[in-house]
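Good morning, colleagues. I shall go through one model today, moving from strand pairing to side-chain contacts and then to a pocket. Please keep the structure in view as I speak.

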Amino acid sequence: MLIMRFLTILKFPLLLIIATTMLITSCIDEDNSNCVQYALNTQLLDKSGNVLPDSTATDTRAYLFINNKFDHIITAESNGRYLISFDGKAKVSLVAFGDNNKGLLGIYTPNAGDKISSIYAHLSSKAEGKDSSSTNLFYGRFDYTSASSGKINNVVLPMHSQQATVHVVAKHLREYYGSSSNYHIVLSGFHNSVTFDGTVIGDSVTYTPNAAFDSNGNLCSEALYTLPTKIGESVTVSIYKDNSLVWQSAKDYQGNATTLSAGDNKYIIIDVE
């Protein structure tokens, strides 16, 4: 009985020692003289910097890169913190993705040594070309600069929504192309993936949002939720009547191209006059 009590007393400190040892020994420097340790807590934000509830992203994953190459996946502690340790002489980044609908977004599991620019999250085939309002991708990246060794540095990792929103309002369609109610809008200029360094890539995606005429005779689409447009590209609007193309442009009525950044909520106003 005395031995059992002694073991019980030792159990909790022993677990602490094991956990601390595991954290420290994951450093690259064998003598630990340059070992840097971080405890990171993620924080979900909209474009305006407003803090969103943690429940907005129900599936969050974190990936550690050393010298721009994938090292390993970091699993969150029970309190949500991500604990990392590494050689302070190395170039280190932690990339985190959050998702509120695991079925519509996929993240390939990298192999050790994969470059950070070659790994990406993507819309699944179920989401491509469809309303992705139920899919909100959050992205955050922590880049190590410098810190004191020998202690745990606490950091908040902001994760910003990558979702962009676009609406289309088309004026004077019926005056020019007839009063048929069988019009629909197609939006193109989108892609289905974002890399771990935040660059939009991937296959082209087109969307056909629901649309209807309002009381003023304007054809108005529902809000479309998507990834941002790729750098150097813009949204093209195509309008069909009875499945025949009647109008297409990559610019709005003022002659401006529409590009979308993370968090944008834009209206594309079309006037066919």
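This is a predicted model: local features need pLDDT of at least 70, side-chain atom pairs count only at pLDDT 80 or more; totals for chains, interfaces and linings use all residues.

In β9, F138 has S161 as its bridge partner. That contact belongs to the pairing of strand β8 (residues 137–143) with β9, which is antiparallel and comprises two bridges. Two strands are said to pair if DSSP finds at least two bridges between them. The strands themselves are DSSP runs of E, at least two residues long, and helices are runs of H or I of at least four residues, each numbered from the N terminus.

Residues are numbered from 1 along each chain as its sequence is written, and side-chain values use heavy atoms, with hydrogens and water left out.

Strand β9, residues 152–161, also pairs with β1; the two run parallel and are joined by nine bridges. Within that pairing, L40 stands opposite V155 in β9. β1 pairs with β4 as well, here in the antiparallel sense and over six bridges. A39 faces L83 of β4 across this pairing.

How much of strand β4 is covered? Five of the six residues in β4 (82–87) are buried. Buried means under 20% relative accessible area, exposed means over 50%, and partly exposed lies in between, with a 1.4 Å probe and protein chains only.

I turn now to the aromatic side chains. The structure holds twelve aromatic pairs. Rings of Phe, Tyr and Trp, the last by its six-membered ring, pair if their centres lie within 6.5 Å; planes under 30 degrees apart count as stacked, over 60 as edge-to-face, and the rest as tilted. One of these pairs is Y38 with F86, which is stacked, at 6.1 Å centre to centre and 5° between the planes. Y38 lies in strand β1 and F86 in strand β4, so this pair ties together parts that are 48 residues apart in sequence. Both Y38 and F86 are buried.

A second pair has another geometry. The ring centres of Y63 and F196 are 4.9 Å apart and their planes stand at 65°, so the pair is edge-to-face. Y63 belongs to strand β2 and F196 to the loop between β11 (183–195) and β12 (200–207), and the pair thus links parts of the chain 133 residues apart. Y63 is buried, with a relative accessible area of 3%, and F196 is buried at 0%. These two residues belong to a cluster in which ring pairs link Y63, F65, F70, F97, Y139 and F196.

One further ring contact involves a charge. R174 lies over the face of F213, 3.7 Å from the ring centre. The criterion is that NZ of Lys or CZ of Arg is within 6 Å of the ring centre and within 35 degrees of the ring normal.

Next, the salt bridges. How many does a search of the whole structure find? It finds three, a salt bridge being a side-chain nitrogen of Lys or Arg within 4 Å of a carboxyl oxygen of Asp or Glu.

D264 and K47 form one of them, at 2.3 Å from N to O. D264 lies in the loop between β17 (244–249) and β18 (265–271), and K47 in the loop between β1 (35–45) and β2 (59–66), so the pair ties together parts that are 217 residues apart in sequence. D264 is buried, at 9% relative accessibility, whereas K47 is exposed at 53%.

D264 also forms a salt bridge with K266, the closest N and O atoms being 3.8 Å apart. K266 is partly exposed, with a relative accessible area of 31%. Through shared partners, salt bridges join K47, D264 and K266 into one network.

D143 and R141 meet in another salt bridge, at 2.9 Å from N to O. D143 is partly exposed at 39% relative accessibility, and R141 is partly exposed at 29%.

Finally, the pocket. Which element gives the largest share of the lining of the second largest pocket? That element is β1, with three residues. The elements that give two or more residues to this lining are β1 and β2. Among the lining residues are N41, T42, L44, D59 and T60.

Key: On a 1 Å grid over the protein atoms alone, a cavity is a set of points where a 1.4 Å probe fits but cannot get out, and a pocket is an open set with protein on both sides within 12 Å along at least five of seven lines; lining residues have an atom within 4 Å of a point.
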